[in-house]
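The structure under discussion is shown below.

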Amino acid sequence: ADAPQTLQMGESYGGVVAASAALREPSLVSSLVLVNPASAFSEMPSLQADARTLSKVPQALFPAALFALLGRKTFDAGFVATAVRDVLVERKLEKLRESEPALAAYYDAALAHLVDEISSQPPKCWFDARFANLRAGCGLLEEGWEALLVVAGTADALLRSDVEAARLAARLGPQRCSVHLVEGAGHAGTLDARCDLRAVIGRWEAERAARSGGAVAAS
């Protein structure tokens, strides 16, 4: 039997990865949701210049250079405040372990995998590989994707995601690309309490169903 189609989602660099996977196996993917997609890299000479600068920095100085050039651009005061409240005051992670242990286990495994991936090689090598992938993959979103939702923070100083969302919408057209802006959200904080992503996707799927005159399968 044919495998069911699913909604594919990616955030930042993961947006380029998600687009690549969706285009590699289009029969398995019904739609694509991207949050602050790093496809903006191809349209940002200043970020490209930062990447070239970082590629020339010695390994010993790389962490400091990375923070100086890019770290400050990802900072989101609202996200930090929300994270501190969620972890220390409301203890949401502890509650999640009790209420949804499978989901908590997934988060733990994903975090452990990320730590292992970063620690398995020098940070500079890890970021150099990511920048190389960005240079090769940023045009993927323009290769005929039919159902794309871009969620963008309006205060994303790293990728100017609201500008990239508008560019993709203009490139693909309103029938193929929808945009949801999260006011005041920076690169790291777009999916905090300011955005109910499940509700955003639900409204988008309902709008798509209304335009097509039929049902859009929930993912």
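## Salt bridges

A salt bridge here is a side-chain nitrogen of Lys or Arg within 4 Å of a carboxyl oxygen of Asp or Glu. The model is predicted, and side-chain atom pairs count only at pLDDT 80 or more. By the salt-bridge rule, the count comes to six.

Glu94 has 43% relative accessibility and so counts as partly exposed. Arg91, at 42% relative accessibility, also counts as partly exposed.

## A link between helices 5 and 6

Asp108 forms a salt bridge with Arg97, and their closest N and O atoms are 2.5 Å apart. Because Asp108 lies in helix 6 (residues 101-119) and Arg97 in helix 5 (residues 92-99), the pair ties together parts that are 11 residues apart in sequence. Asp108 counts as partly exposed at 34% relative accessibility, and Arg97 counts as partly exposed at 38%.

Are Arg167 and Glu164 buried or exposed? Both residues are buried, and their side chains meet in a salt bridge of 2.8 Å, N to O. Arg167 and Glu164 both belong to helix 8 (residues 161-172), where they are three residues apart, about one turn of the helix. An α-helix has 3.6 residues a turn, so residues three or four places apart point the same way.

Through salt bridges that share partners, Glu43, Glu164 and Arg167 are joined into one network.

## Nonpolar cores

The largest nonpolar core has 18 residues. Among those with the most contacts inside this core are Phe41, Leu47, Phe131 and Leu159. Two or more residues of the core come from each of helix 1 (13-24), helix 2 (45-55), helix 3 (62-74) and helix 7 (123-137). Helix 3 gives the most, with four residues.

Which residues does Phe131 contact, leaving aside its neighbours within four places in sequence? Phe131 is in contact with Phe41, Ala51, Leu54 and Leu70. A second, separate core has 14 residues, including Ala18, Val150, Ala152 and Ala165.

## A nonpolar patch on the surface

Leu111, Leu114 and Val115 form a nonpolar patch on the surface. Together these residues have about 250 Å² of accessible area. Val115 is found in helix 6.

## Helix 9

Helix 9 (residues 197-212) has 16 residues. From its first C-alpha to its last, helix 9 reaches 22 Å, close to the 22 Å expected at 1.5 Å a residue. Helix 9 is followed by Gly213, whose phi is positive, near 75°.

Which residues of helix 9 are buried? They are Leu197, Val200, Ile201, Trp204, Glu205, Arg208 and Ala209. The cover over the buried residues of helix 9 includes strand 1 (6-11), strand 2 (29-35), strand 3 (148-153) and strand 4 (177-182).

Terms used
Residues are numbered from 1 along each chain as its sequence is written. This is a predicted model: local features need pLDDT of at least 70, side-chain atom pairs count only at pLDDT 80 or more; totals for chains, interfaces and linings use all residues. Side-chain values use heavy atoms; hydrogens and water are left out. The expected span of a helix is 1.5 Å times one less than its number of residues. Buried means under 20% relative accessible area, exposed over 50%, partly exposed in between (1.4 Å probe, protein chains only). Contact means heavy atoms within 4.5 Å. Patches are made of residues with over 30% relative accessible area and no salt bridge: like charges are joined within 9 Å, nonpolar side chains (Val, Leu, Ile, Met, Phe, Trp, Tyr) within 5 Å. Accessible areas come from the Shrake-Rupley method with a 1.4 Å probe; for residues, only the protein chains shown count as cover. A nonpolar core is a set of buried Ala, Val, Leu, Ile, Met, Phe, Trp, Tyr and Cys residues joined through side-chain atoms within 4.5 Å.
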